[in-house]
Amino acid sequence: MKTQLPIALSNRHIHISRKDLDTLFGEGYELTKMKDLSQPGQYACEEKVDVVGSKGTLKGVRILGPTRSQTQFELSISDAFSLGVKPIVRNSGDIAGTPGAKIIGPKGEIEIEEGIIVAARHIHMHTEDGKDFGVADKDIVSIKVNGERGLVFNNVLVRVAESFALEMHIDIEEGNAAGVKNGDLVELIK
């Protein structure tokens, strides 16, 4: 059984719906790819927006492409406090009952009723990786991080699909707490 996998830190970013992209950037606007991300078909865009909450504004939030069915803003707990929204840890796509905010683009603005989450830590695995690690989609595992600030991340969701590449994702605060950087190897423990 394999146990070692790479980890990546995620800073604040927004996934945008086609409808919201049209409002924020103009009808029919197409996102401009800046660079590919580790997950196949996912990429960071040149485009950025400002997100406005009751206590403050987070300026220059990068959009990740391609467009999605729903707009979702992923941020850290510190960002949530700065914005003035309650930080709710959720799996990507599970936005029911989460806070909303105003999003401002160069051509317009929108008010989302929900969609702001602190992304739950998770692992992407290709189906072959799932077999190699002895785990299945939706399993919950722990991850051991070695080093000076070593720790164990519990409650890590495993996501297995043909379209995924092997990588654990945590937010920037979790990464800093553990003293890890993109590409470091961590250990899956059950």
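These are my notebook entries on one chain, read from a predicted model.

**Overall fold**

I started with the secondary structure. The chain comes to four helices and 15 strands. I then looked up its dimensions. The C-alpha trace spans about 50 × 35 × 30 Å along its principal axes. For 190 residues, a compact globule would have a radius of gyration near 16 Å, and the chain's 17 Å agrees with that.

Next I checked contacts. Among those with a separation of 6 or more, 65% join residues 24 or more positions apart.

**Burial and surface**

I looked up how much of the chain is covered. Of the 190 residues, 44% count as buried. The chain exposes about 9,500 Å². Carbon and sulfur atoms supply 49% of that area.

**Helix H1**

Which residues of H1 are buried? H1 covers residues 18-25, and I noted Asp20, Leu21, Asp22, Leu24 and Phe25 as its buried residues. I then asked which strands they pack against. My list reads S2 (13-17), S4 (43-52), S5 (57-68), S8 (101-104) and S9 (109-112). I followed the chain past the helix as well. Gly26 comes after H1, and its phi is positive, near 110 degrees.

Pro66 has its place in S5. The peptide bond leading from Gly65 to Pro66 is cis, with omega near 0 degrees.

**Glu174 in H4**

I picked out Glu174, which lies in helix H4 (residues 172-178). Is Glu174 buried or exposed? Its relative accessibility is 15%; the cut-off for buried is under 20%, so Glu174 counts as buried. I looked for its partners beyond four places away in sequence. Glu174 touches Arg121 and Phe153.

**Positive phi outside glycine**

I logged two residues here. Lys138 is not a glycine, yet its phi is positive, about 80 degrees. I found Lys138 in the loop between helix H3 (127-133) and strand S12 (140-145). Its relative accessibility is 63%, so I marked Lys138 as exposed.

Asn155 is also not a glycine, and its phi is positive at about 55 degrees. Where does Asn155 lie? I placed Asn155 in strand S13, residues 151-160. At 59% relative accessibility, Asn155 counts as exposed. The cut-off behind both calls is over 50%.

Methods:
Residues numbered from 1 in each chain as written. Predicted model: local features only at pLDDT ≥ 70, side-chain atom pairs only at ≥ 80, totals over all residues. Heavy atoms only, no water. Helix = DSSP H or I, 4+ residues; strand = E, 2+ residues; numbered from the N terminus. Rg over C-alpha atoms; globule rule 2.2 N^0.38 Å. Buried < 20%, exposed > 50% of the residue type's maximum accessible area, 1.4 Å probe, protein only. Contact = heavy atoms within 4.5 Å. Areas by Shrake-Rupley, 256 points an atom, 1.4 Å probe, with all protein chains shown as cover.
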